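Work through the exercises below with the structure in view. Each task is followed by a solution in steps.

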Amino acid sequence: MIERATTLLGSAPEQARDLARQVRSSALADPGLLSRALFVSGSASLGKGEYKAADEELQAAVAQAQAAGDTVLVIKALRNRLKCAFFTRNADEALLHGMEALELARDCGDASLLALTHNDLGLIYGNLSDFEGALEHLLEGLRILRENSPSRLGTLLNNIGNVYLELDDHAEALTFFRSAAEAIRAEGDSWRNEAIALGNVGRASLGIEKYDDALEWLERSLAIYESKNDPVYLAPTLARYGSALAGAGRAEEAAVTFGRALNLIDSSTHREFADEVLYEFGKFELAQNRAEHAVELLSRGLDEIPAGEVTGRVHDLHLALARAYEAVDDARESLDHYKAYHRVKEAVASSTITVRIRRLMMQFDVERARQQEELFRLRNVHLANANAELQELHRQLEEKNQELHEISIKDALTDLFNRRYLDSQLGVEVSRAHRYQRTLCAAMCDIDHFKEINDRFSHSVGDEVLKRIAILLRESARVTDVISRYGGEEFLLILPDTDLSGAGRFTERLRARVADFPWEDIAGGLRVTLSIGVALLDDTMDGPSLLSAADERLYRAKRDGRDRVVA
């Protein structure tokens, strides 16, 4: 019966789950059979989008499979637990399951399982915007499959395409997606994997504005999802189809299609891709000059994402909302969402660094554990060599710790100190100034009209402006000054042993140097200026109140016409 249930997993998950639960009720004394029944039941729940129930059964399956000594089933159950965590936006838990499964897969000798576990970790790192880590795992998985087993290549090729899609390299993504679709069709893979691959070819075609091609591939994908009444992927695929219709100039059909997608997510408990549907629909409505409806849809999309989560989708939604509010003449809301867009964009970059640090530490911990096991095995034979190796490992660990510390306190784009470092260092400088009765000033700098620079010259030019400003700040400041990127287009300088007059002269020189810089060398017609607010620490102030005073003077500089210092 359990073999029958396993066979039904891909085509009839509810029937598979019913059979597996019948086996469970009669297999309580057999860990091997019970673990397989729990695995099938949990996997069926996963396929139905019932993630909490699925994870509970899969957790029990892991315990029973360990008791039965079935390492392969342990790996499979851990991989499915990873998927439960992924779909419920618990990235840390997903990474832990993936790393545990990877170590077991390396030891068990199953090339296919090892490759697919690399694939799973690639998906997690890609979702966390660590595209370097994602490609590292996905390409390693592809290499293993090509060397050992020609099956399941489609899954790896498809996910590599997804990484290139996130990097906005739609042409490269299209190449991988086409290869994935061919491989999945040749392998006779599951209907869902085939539909995903077809839809992804459509997505990549949409990205390079080949709307007729996009429509053709998305129609093939939709036909599969609709025939299976898929509860998870049907709505987002309809939304992409709507975007392709809009691009092809078929706005009325697009509106109907978007309406279908919205009705599906409104009537379903499956919310995995609700934010994507609302984002695509909102962009369409904005393009159709229905800005008020766009605001409603995009706001709902933002509400679908858990508070505090920072992803590319969040900053896309804020940017779209800024434009939608601008279209309805709500300048305040537009500005707020534009600022939020920049904050989230910076947070995504910071989060990516954190994920990279976590990946490096995990890899280092695994390698250290392996080396320690080897040293223990050889301790009586090569004690002297083992000692030297241990010392070298310690030296490498110290170097890695220093590298990770540098990454954690620096802004990735400008190489200035980041907000995290500033928060800690500001308290130190304020305490020192109070204790020794020394002067201390803070200067808050903001690039004037930075949104217009991005809109007129491109975000890449905007990034270059930020980097050049950072260089000018470093060249102008003293060794003792603390320079940080405060957020978006704002920079903060902490100036120890500097009175208000000295700080005013210094920042005026800095303002003039920025205004006189040959910005046209970067882009014709480009002009960049700074507004600066300067505040002096007094006996009643702490760090936050000093920053608040500098920020208030920056606001006055902006209000009085920009390109000026207010001290």
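**Exercise 1. Charges over rings**

Task: Find which ring the charged end of Arg220 sits over, and how far it is from the centre.

Solution. In this predicted model, the charged end of Arg220 lies over the ring of Trp217, at 4.7 Å from the ring centre. Next, look at Lys451: its charged end sits over the ring of Tyr338, 5.4 Å from the centre.

**Exercise 2. The chain as a whole**

Task: State how many helices and strands the chain has, and what share of its residues is buried.

Solution. Start with the elements: the chain has 24 helices and five strands. Then take burial: of the 567 residues, 48% are buried. Last, turn to contacts with a separation of 6 or more: 62% of them join residues 24 or more positions apart.

**Exercise 3. The sheet**

Task: Give the order of the strands in the sheet, and name the edge strands.

Solution. Step one: the five strands make an open sheet with mixed pairing, in the order β2-β3-β1-β4-β5. Step two: β2 (482–487) and β5 (565–566) are the edge strands, each of them pairing on one side only. Step three: strand β1 (residues 440–447) and strand β3 (residues 490–496) run antiparallel and are joined by seven bridges. In this pairing, Asp446 has Glu490 of β3 as its bridge partner. Helix α22 (residues 459–476) lies across β1, β2, β3 and β4 (530–536), and runs at about 10° to β3.

**Exercise 4. Aromatic pairs**

Task: Classify the pair Phe86 and Phe87, then the pair Phe258 and Phe284.

Solution. A search of the whole structure gives ten aromatic pairs. In the pair of Phe86 and Phe87, the centres are 5.4 Å apart and the planes are at 70°, an edge-to-face arrangement. Phe86 is partly exposed, at 27% relative accessible area; Phe87 is partly exposed as well, at 23%. The pair of Phe258 and Phe284 has its ring centres 5.1 Å apart and its planes at 35°, so it is tilted. Phe258 is in helix α14 (residues 251–266) and Phe284 in helix α15 (residues 274–287), so this pair ties together parts that are 26 residues apart in sequence. For burial, the cut-off is under 20% relative accessible area. Phe258, at 0%, is therefore buried, and Phe284, at 5%, is buried too. To finish, note the aromatic cluster formed by Tyr51, Phe86 and Phe87.

**Exercise 5. Nonpolar cores**

Task: Find how many residues the largest nonpolar core has, and which of them have the most contacts inside it.

Solution. The largest nonpolar core has 89 residues, and Phe39, Leu157 and Ile265 have the most contacts inside it. Beyond four places in sequence, Phe39 touches Leu58, Ala61, Leu73, Lys76, Ala77 and Asn80. Another core, of 31 residues, lies apart from the largest one; among its members are Ala443, Leu472, Leu473 and Leu510. As background, nonpolar side chains tend to be buried together in soluble globular proteins.

Technical notes. Residues numbered from 1 in each chain as written. Predicted model: local features only at pLDDT ≥ 70, side-chain atom pairs only at ≥ 80, totals over all residues. Heavy atoms only, no water. Pairing = 2+ DSSP bridges. Helix = DSSP H or I, 4+ residues; strand = E, 2+ residues; numbered from the N terminus. Contact = heavy atoms within 4.5 Å. Axes fitted to C-alpha atoms, helices over the stretch in contact; angles between N-to-C directions. Phe/Tyr/Trp six-rings, centres within 6.5 Å; stacked < 30°, edge-to-face > 60°. Buried < 20%, exposed > 50% of the residue type's maximum accessible area, 1.4 Å probe, protein only. Lys NZ or Arg CZ within 6 Å of the ring centre and 35° of its normal. Core = buried A, V, L, I, M, F, W, Y, C linked by side-chain atoms within 4.5 Å.
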